[in-house]
Each structure stands twice: as C-alpha cells, then as structure tokens.
Amino acid sequence: MSGSISDILTTLKNGVVAMNTLSSYLKNGINLGRGAMPASFFTYYTVAPNTRVVLTYIDICNTSASSQTVYVSLVSVNGTAGADNALISGLPIPANSSFQWSGAQALAPGESIAAYATSADVVIHLTGAGG
C-alpha cells in the first residue's frame with residue numbers, strides 16, 4: 001500500500017489529535033457512580049447526549065463475612081444488561097476483600113453501566129474520563 005506524503009502526514013496528525021484527546025480525557029477523572037450493589041441490575045451511569053465517556057476503573061469492595069458474586073455490564077442504547085454485554089460476569093469476591101478492574105472502555109451517548117451483586121454488602125465505585 002502506498003500513499004502520498006500528504007496522506008501520511010494527515011494520518012499522523014489525526015493520530016496525534018486522537019491521542020491528545022484521549023490523554024486530556026484521562027487526566028480529568030470523574031465519578032460515574034458508587035454505592036451498595038442491589039440484587040438485580042441497577043444502572044449507575046448513562047452517558048448524556050453529545051458526550052463521550054471512557055470507563056477507566058471499577059473498584060468493588062465486599063464488606064461481608066462471606067464470598068459474594070458480582071456482575072457488571074456495558075449496555076448499548078435501548079439495550080438490556082446481561083450476558084451479551086458483560087464486562088464482569090459471575091466474579092467471586094472473597095469475604096472482606098476488594099477487587100479493582102482497570103482499562104479503557106469507551107461509551108457513546110445513551111450507553112450505560114449497570115451492575116449487581118449477590119449481597120448489598122458489596123459496594124462499587126466507577127471512575128471514568130470525559131464528560
């Protein structure tokens with residue numbers, strides 16, 4: 001595959017702009033939701049219109065004396081949380097312990113983050129960037 005110098009420079013410039021945009025998003029961490037996890041899927045965050053968000057961290061703390069199981073889904077517009085859009089599915093969290101997920105999951109306007117656990121003794125904290 002060959003391209004002109006202009007095409008190559010444009011591609012490089014666009015890549016730099018994209019990386020700079022992502023970098024600025026990641027510098028401005030925002031709370032996307034937190035609280036005790038219910039026994040069925042609960043929507044913690046829905047991306048506002050004309051907005052993009054990157055989910056960067058999920059912190060989960062099990063404060064109970066027994067192991068609990070957690071589920072987290074990234075739900076498309078008009079979708080339903082479940083196995084088809086699971087990010088974390090059936091993860092056991094041992095008694096009195098924590099779990100942290102880190103990554104970069106891009107969410108478009110109208111998409112959401114939903115989660116539940118087998119006990120309200122499990123607490124979730126969602127952090128992201130963008131807005």
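Is V122 buried or exposed? I looked it up: V122 has a relative accessible area of 0%, so V122 is buried. My cut-offs here are under 20% relative accessible area for buried, over 50% for exposed and partly exposed in between, with a 1.4 Å probe and protein chains only.

Before going on, a note on what I'm looking at. This is a predicted model, where local features need pLDDT of at least 70, side-chain atom pairs count only at pLDDT 80 or more, and totals for chains, interfaces and linings use all residues. Residues are numbered from 1 along each chain as its sequence is written, and side-chain values use heavy atoms, with hydrogens and water left out.

**Entry: around V122**

I find V122 in strand β8; strands are DSSP runs (E, at least two residues), numbered from the N terminus. V122 touches, among others, G35, M37, I60, C61, V70 and A117, leaving out residues up to four places away in sequence. Contact means heavy atoms within 4.5 Å. I also checked V122 against P38: they are 84 residues apart in sequence and 8.5 Å apart in space, C-alpha to C-alpha.

**Entry: the core**

Which residues touch the most other members of the largest nonpolar core? They are M37, I58, I113 and I124, out of 22 residues. Such a core is a set of buried Ala, Val, Leu, Ile, Met, Phe, Trp, Tyr and Cys residues joined through side-chain atoms within 4.5 Å. Seven names go on my list as suppliers of at least two residues each: β2, β3 (53-62), β4 (68-75), β5, β6 (97-107), β7 and β8 (122-130). β3 gives the most, with 4 residues.

I traced an open sheet of 4 strands in the order β2-β7-β4-β5, with antiparallel pairing. Strands pair if DSSP finds at least two bridges between them. At the edges sit β2 (42-46) and β5 (86-93), each pairing on one side only. From one strand to the next, the twist averages 15 degrees; axes are lines fitted to C-alpha atoms, and angles run from 0 to 180 degrees between N-to-C directions. β2 pairs with β7 (residues 112-117) over 4 bridges, in the antiparallel sense, and F42 stands opposite A115 in β7.

**Entry: rings**

How many aromatic pairs does a search of the whole structure find? I get 3. Rings of Phe, Tyr and Trp (its six-membered ring) pair if their centres lie within 6.5 Å; planes under 30 degrees apart are stacked, over 60 edge-to-face, the rest tilted. F42 and Y44 are edge-to-face, because their planes are at 80 degrees, with centres 4.8 Å apart. F42 is partly exposed at 42% relative accessibility, while Y44 is buried at 12%. Y71 and Y116 are stacked, because their planes are at 10 degrees, with centres 4.6 Å apart. That pair links distant parts of the chain, with Y71 in β4 and Y116 in β7, 45 residues apart. Together with F41, Y71 and Y116 form one aromatic cluster.

**Entry: two asparagines**

Most residues other than glycine have a negative phi. I noted N78, in the loop between β4 and β5, with a positive phi of about 65 degrees. N96, in the loop between β5 and β6, has a positive phi of about 50 degrees. N78 is exposed at 80% relative accessibility, and N96 is exposed at 57%.
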